[in-house]
Amino acid sequence: RLVAPWPCPLRMSRSAELSGFGSHVASEAVLGALPVGQNSPQQPPLGLYAEQLSGTAFTAPRATNQRSWLYRIAPSVGGSASEPLPSRLQADFSDAAAVAAPDPHRWRPLPLPTGAPVTFVEGLVTMCGAGGPALKEGVAIHLYSCNAPMLDTAFSNSDGDLLLVPQAGALHVVTEFGRMSVEPREVCVVPRGVRFAASPAAGSSGARGYVLETFGPHFRLPELGPIGANGLAEPRDFVYPHAWYEDRTCDFTVVTKLLGRLYATKRTHSVFDVVGWHGNYAPYKYDLRRFHAVNTVSVDHPDPSIFTVLTVPTNEPGVAAADFVIFPPRWLCAEGTFRPPYFHRNCMSEFMGLIDGVYDAKKGGKGGFEPGGCSYHGAGTPHGPDAAAVASASQADTSRPTKFDGGLAFMFETSALLRLTPFAADPSNGMLDTDYGACWEGLPRLFSSAGVANGSNGK
């Protein structure tokens, strides 16, 4: 059985990494596992089977075409008939299955399980979404909370790509392509169809975090425009796992998510049996501490798009089906400026999470925006800093730069109009903060028409 802890390097030397976003890379756990000069020889090396995993249509343009060749001990075919499994996942966000949310929403953290073992897949719950996997458009946002390893089990998502954002506790992620350890302040992406097992780190009380699922195109790096050739998330800081395999016969379960439902099929051996692979379609991880933040050096608060790590485009230029945005430690030096995020009504939908510390526009801790908690402000929903943040920032000395390093928040932003799942909208779940709107009470009315010349900004 695959039992944590297993030998899994938390850190690799920089020279040993397979790096470069979107790169074509190759890795073999046994020298000679990869064929030379062709992908599917009549007899692959070492008695392996050649299998292609396609991430795009065969005829997708070369610039966007994604696929990998895997050389494995046994092909993926076979297994018992699939049986449905219960879950708290959802992919139907129609009016009959989900709830429109015109008001701001905030939730406390999803509790870590106690008592009975709960695996990563069992601990997933859907919060909101739009569109659906059937037509490959839209997104879903989930939370996870688990305390048990996925033993003799793999998970595969046929509906879309998964962006995992750990908040409490590291995840050991075993994939067909190799192994990764992903801790808070790191993220990993598992593309559609890749089989993997995610387990809490050995000796921990569990793991908790957030998941962004995209039903359409794959993640890519945002365009830099006038920023230039460098900045934000550097391509070389995205790393892929080295090939790793186990040659093990056992009672093994593959859980597949298809159209929002889970199905289990039995195998007679571990599916983590890929001895070598090459291609540009593979899971990868990124350390958010490597993000190169840019900011204003004069006045005003820039739009949060300057903190975009990954994006999923739509057919409309500049409009994203999904953006993954972080609010990292950074210097604030705008003079005569209200430095926290401004009051806002957005044409996009915003789902925020807090990995650690505090968010500079909201009160932290219990009764505020807690690490592990989340908030949702739909398209057109007014939102912004709370009354305490306004009072403090309005009187702050902006003649000197300050460094914000008190926490790491992030945002899943989408052009889609999201609906909440019944779970997320239910106050009895113990997570919904029904007093969230009170954070804006006490904002003073300071307007006075006396003493201000037309066109003055109050300086």
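Thr268 is exposed in this predicted model. Its relative accessible area is 59%, and the cut-off for exposed is over 50%, so Thr268 falls in that class. Thr268 sits in strand β18, residues 261-269. Leaving out residues up to four places away in sequence, Thr268 touches Thr249 and Cys250. For a sense of distance, take His105: 163 residues separate His105 and Thr268 along the chain, and their C-alpha atoms are 46 Å apart.

Is Thr414 buried or exposed? Thr414 has a relative accessibility of 3%; buried means under 20%, so Thr414 counts as buried. Thr414 belongs to strand β27, which covers residues 407-414. With residues up to four places away in sequence again left out, the residues that Thr414 touches are Val139, Ala320, Ala321, Ala322, Met348 and Ser349. There is also a polar atom of the Thr414 side chain 3.0 Å from the backbone nitrogen of Ala416.

Next, the nonpolar cores. How many residues does the largest one have? The count is 100. Within that core, the residues with the most contacts are Trp107, Phe120, Trp277, Val309, Phe324 and Phe412. Strand β22, residues 320-327, supplies the largest share of this core, with six residues. Another core lies apart from it, also of six residues, including Leu34, Leu48, Trp69 and Tyr71.

Definitions and conventions. Residues numbered from 1 in each chain as written. Predicted model: local features only at pLDDT ≥ 70, side-chain atom pairs only at ≥ 80, totals over all residues. Heavy atoms only, no water. Helix = DSSP H or I, 4+ residues; strand = E, 2+ residues; numbered from the N terminus. Buried < 20%, exposed > 50% of the residue type's maximum accessible area, 1.4 Å probe, protein only. Contact = heavy atoms within 4.5 Å. Polar contact = N/O pair within 3.5 Å; in protein donor to acceptor, adjacent residues only side chain to side chain. Core = buried A, V, L, I, M, F, W, Y, C linked by side-chain atoms within 4.5 Å.
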